[in-house]
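Please look over the sequence and the model below before reading on. The paragraphs that follow go through the structure one part at a time.

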Amino acid sequence: MKSFPKPLTPAQEEYYMQKYTEGDLQAKHILIEHNLRLVAHVVKKYQYLDEDPEDLISIGTIGLVKAVITFNPKRNYRLATYAARCIENEILMMLRARKKISREVSLYEPIGTDKEGNEIHLFDIIEADDIDTQSQIILKDDIQMLYAKVESILSPRERLVLKMRYGLYNEEEYTQREIAARLGISRSYVSRIEKSAIEKLREYF
């Protein structure tokens, strides 16, 4: 972390972001370089995984570059706040992709032969009903990610409204009007909370 350039001050960040929006590519490089320690900071959260830290740094840096390119200075938050989300999102997408690939490969690895000498794969002996096995695995991964994001990025009220609205965690589903009555707020306010929560989650799916 000591080898990374120091973070920019709010005034410096505003100056270089303005220069970048005017077409100054050097300003873009400065914004990236001075936020590299943020990549290292986010990667620390995943140090328990059996992943090469350098790979995570590289993937995280891609997220940082995307953040600088897509950042809207008119929003009321710092670049670092936005970049941290982009960096983590890039890392999570990579981890999910690797997980799916490794599971797909293991399903098709031969585990023996039948009486005719044909190879038998794990995929051949797993029973599937209406949904094929791969789809079940992908769906399970998506559901796990959804619950993780519900708990990590939504406010307590947004979590509560979504849980009641869609029956998350095997709870009963309620209409917006029923939720409004139970929480003592207007139905239109419930609708706004629901819409805000879904917009936050949509970024990750």
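**A walk through the model**

A197 is buried, with a relative accessible area of 0%. This residue sits in helix α10. Leaving out residues up to four places away in sequence, A197 touches L154, E158 and L162. Along the chain A197 and V161 are 36 residues apart, yet their C-alpha atoms are separated by 8.8 Å.

Helix α10 also holds I193. With a relative accessible area of 7%, I193 is buried as well. Its contacts, leaving aside neighbours within four places in sequence, are R157, E158, V161 and I185. I193 and S155 lie 38 residues apart in sequence, and the distance between their C-alpha atoms is 9.7 Å.

Before going further, some words on the whole. This is a predicted model. The average pLDDT of the protein is 78, and 75% of the residues score at least 70. Where is confidence lowest, and where is it highest? The lowest mean, 50, belongs to helix α6 (residues 122–125), while the highest, 91, belongs to α2. The pLDDT is below 50 over residues 125–131, a stretch that has 7 contacts in the model beyond near neighbours in sequence.

The secondary structure consists of 10 helices and 2 strands. Read from the N terminus, the order of elements is α-α-α-α-α-β-β-α-α-α-α-α. Of the 205 residues in the protein, 30% are buried. The protein exposes about 13,500 Å², and carbon and sulfur atoms supply 52% of that area. Among contacts between residues at least 6 apart in sequence, 55% join residues at least 24 apart.

Which residues have the most contacts inside the largest nonpolar core? They are L31, Y46, L64, V68, I87 and I91, in a core of 26 residues. Helices α1 (10–21), α2, α3, α4 (53–70) and α5 (79–108) each supply at least two of the residues in this core. The largest share, 9 residues, comes from α5. Another core lies apart from this one; it has 8 residues, among them Y174, I179, A180 and I185.

Y46 is in contact with L56, E88, I91, L92 and L95, leaving aside its neighbours within four places in sequence. E90 has its place in helix α5. Is E90 buried or exposed? E90 counts as buried because its relative accessible area is 14%, and the cut-off for buried is under 20%. Leaving aside neighbours within four places in sequence, E90 is in contact with I59, I62, G63 and K66.

Helix α2 has several buried residues: A27, K28, I30, L31 and I32. In the loop between α2 (25–33) and α3 (36–43) lies N35. The relative accessibility of N35 is 9%, so this residue counts as buried. The N35 side chain reaches the backbone oxygen of L31 at 2.7 Å. Not counting residues up to four places away in sequence, N35 touches L64, L79 and A80.

The last stop is helix α9. In α9 (residues 176–183), the residues Q176, I179 and A180 are buried. Why do these residues fall on the same side of α9? They cover an arc of only 100 degrees around the axis, and therefore lie on the same side of the helix. An α-helix has 3.6 residues a turn, so residues three or four places apart point the same way. On the other side of α9, R177, A181 and R182 are exposed. The buried residues of α9 pack against α8 (156–166) and α10 (187–202). Just after α9, G184 takes a positive phi of about 70 degrees.

Definitions and conventions: Residues numbered from 1 in each chain as written. Predicted model: local features only at pLDDT ≥ 70, side-chain atom pairs only at ≥ 80, totals over all residues. Heavy atoms only, no water. Helix = DSSP H or I, 4+ residues; strand = E, 2+ residues; numbered from the N terminus. Buried < 20%, exposed > 50% of the residue type's maximum accessible area, 1.4 Å probe, protein only. Polar contact = N/O pair within 3.5 Å; in protein donor to acceptor, adjacent residues only side chain to side chain. Contact = heavy atoms within 4.5 Å. Arc of directions from axis to C-beta. pLDDT = per-residue confidence, 0-100. Core = buried A, V, L, I, M, F, W, Y, C linked by side-chain atoms within 4.5 Å. Areas by Shrake-Rupley, 256 points an atom, 1.4 Å probe, with all protein chains shown as cover.
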